[in-house]
Each structure stands twice: as C-alpha cells, then as structure tokens.
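Biologist: I would like to take a close look at one part of this protein, namely its salt bridges, and I would be glad of a careful, connected answer.

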Amino acid sequence: MSDSKKDLQDAVPDVAKHVLRDGHEIPQLGLGTYPMDDAEAEALVPEALWRGYRLVDTAVNYGNERGVGRGIRSSGIPRSELFLTSKIPGRDHGRASVRRSLEGTLTRLGTDHLDLYMIHWPNPGVDQYVQTWREMMTARDEGLVRSIGVSNFLPEHLLRLEAETGEMPVVNQVELHPQYQQEALRRFHQEHRILTEAWSPLGRKTDLLQSEWLAEIARKQGRTPAQVVLRWHVQSGIVPIPKSSNPQRMAENIDVFEWELTDEQMERLRMMHTGISGSGFDPAVHEEM
C-alpha cells in the first residue's frame, strides 16, 4: 500500500458498530454498490475502504460481485476487517437452488464466507422464501455465512419465517429515508430485535436533498444535506448504505459519527415523512427474479 493510501486510512473516522441478535457486529454505516457495474465496483470499492468503510453491500442482481471482490483484494484491507453482504435473487429461491447460488456468489467475490446473506425480495407469488430461508440457516450452520437476513420483507413475511422455521432474520434491509420512514415496520423490528438497514437512504429518485428544512439544518451544523440525512439514520439506530462514485462524497458520507443532531432537528426531520416510496415497489406483490 502506498504512503498516500496509508495516510488516507490514518485520517478516516472510526465507524461505530451494532451488535446483531446473533452476537455478530455490523458497522453502523456501509457502502451500497447498486448500480455499479464490475469495472466501477473494482475502482470505487477500494476508494471507499481507504476512507474507512468496512461494510460493503452487493447482490447477485447488481451484477457487480466480481468487481466488488477485485476491489476488496486490491484495497489491501484484510478480509477479516470487513463486513461483506450479498443477496440471493428470486430466480434462485427454493431448496434446490440456494447452495448453487451461494457458491456462485462466494466464487465471484473471491471469499470463503459472507458476513451477511440476505433474501433480496420475498417474491410472495412464487412462495418459496420459507424454503430458501431454511437452506440459508443450513449454510450458516456450516460456516458459509455468519449471519442471515432479508431485504424488503413485510411483517407478515417475517412472522411466517418465525412460525415455520423458528427463527427470524437479524437484519431487514428496506427502502428508508426521511420522506419514507417506515415507522410501523421499524417498531416491529425493534420488538423482534431485527436491525433495520436502509437502501436508498438519501432518497434516490426523490427531491429529499433539495428540502429547505434540510438545507437549514445543514447550515446550522456546518454539514452537507446528505450528511444530515445519514446522521439522522445513525441517530435513529438505522444502518444506511449510501452509494457514491465521488471520493469526496464518500468521505463526507462516512463523516457522521463525531457530531449529533439536536432533538429539535431530529423532530424536524421526522416531520418530513410523506409516506411516498421513491421506488414504487410493493413487497406484497413485487416479483424480482
């Protein structure tokens, strides 16, 4: 590693961690890699790791697992210091497909285990997410993955997993930002000790970052609007996974641990909720293959 990269690492902030229900630790903020392709991921993942990111989130359907793996290896950061997440796609749901899909993910990433493996969407119309969950439990027990979770699940899906397998996920990754706060789902998560992780934490395809309320808080804090939003997530006990292809913004996005929003500012952000999804995808009916 060059001296300049080492100096960059020495200057990065420490990222606090949550302890999951299964005892494993997860950084309180990570790098989202959608919609990077392999080439972008290979170039941008090391940039993020040199700036202090230790949680990297990918998925089979992002089409960038090979690039993520190459980026991790070229960064010089030991694998043992990282928290690597991927997700199984809908086309690989079911007893016969999970192991094959997971082995493909591990091969593309160039690692012998995942720190967190998730079901990407429940695909209730296909109705194989319970079988998929059982196979993921087996993979965890065999050491191929350390923790298992889900993405885009509703309480009805989570309760069914518990009823039929005796176990709920440790993480549910969902669309979440100040304009779409998912308060009822977050209360459910808290009751069942499920960590909430946020994709699209900066409100992709919304006008969130143009809010005058947000700009006012950012001015008072001496921060950017994006930093204020990410600090709101962290202060709310949510793990955001912002994506950026700009190294300066990567550095800004992770610089949210040595300052706090006031109670009044947190309340102002809570009042920004509109209940309108930026993606428009409803997990009760959406099918992702």
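Predicted model: local features only at pLDDT ≥ 70, side-chain atom pairs only at ≥ 80, totals over all residues.

Modeller: Buried residues make up 55% of the 289 residues in the protein, and the secondary structure comes to eleven helices and ten strands. The radius of gyration is 18 Å, close to the 19 Å that the globule rule gives for 289 residues, so the protein is as compact as a globular protein of that length.

The count of salt bridges comes to 18. One of them joins Arg 70 and Glu 42, whose closest N and O atoms are 3.9 Å apart; because Arg 70 lies in helix α3 and Glu 42 in helix α2, this pair ties together parts that are 28 residues apart in sequence. Arg 70 is partly exposed at 34% relative accessibility, and Glu 42 is partly exposed at 35%.

Another salt bridge is formed by the side chains of Glu 167 and Arg 140, at 2.4 Å from N to O. Glu 167 lies in the loop between α6 and β8 and Arg 140 in helix α5, so parts 27 residues apart in sequence are tied together. With a relative accessible area of 18%, Glu 167 counts as buried, because the limit for that word is under 20%.

A further pair is Glu 216 and Arg 268, with the closest N and O atoms 4.0 Å apart. This pair links distant parts of the chain, helix α8 and helix α11, 52 residues apart.

Technical notes. Residues numbered from 1 in each chain as written. Heavy atoms only, no water. Helix = DSSP H or I, 4+ residues; strand = E, 2+ residues; numbered from the N terminus. Rg over C-alpha atoms; globule rule 2.2 N^0.38 Å. Buried < 20%, exposed > 50% of the residue type's maximum accessible area, 1.4 Å probe, protein only.
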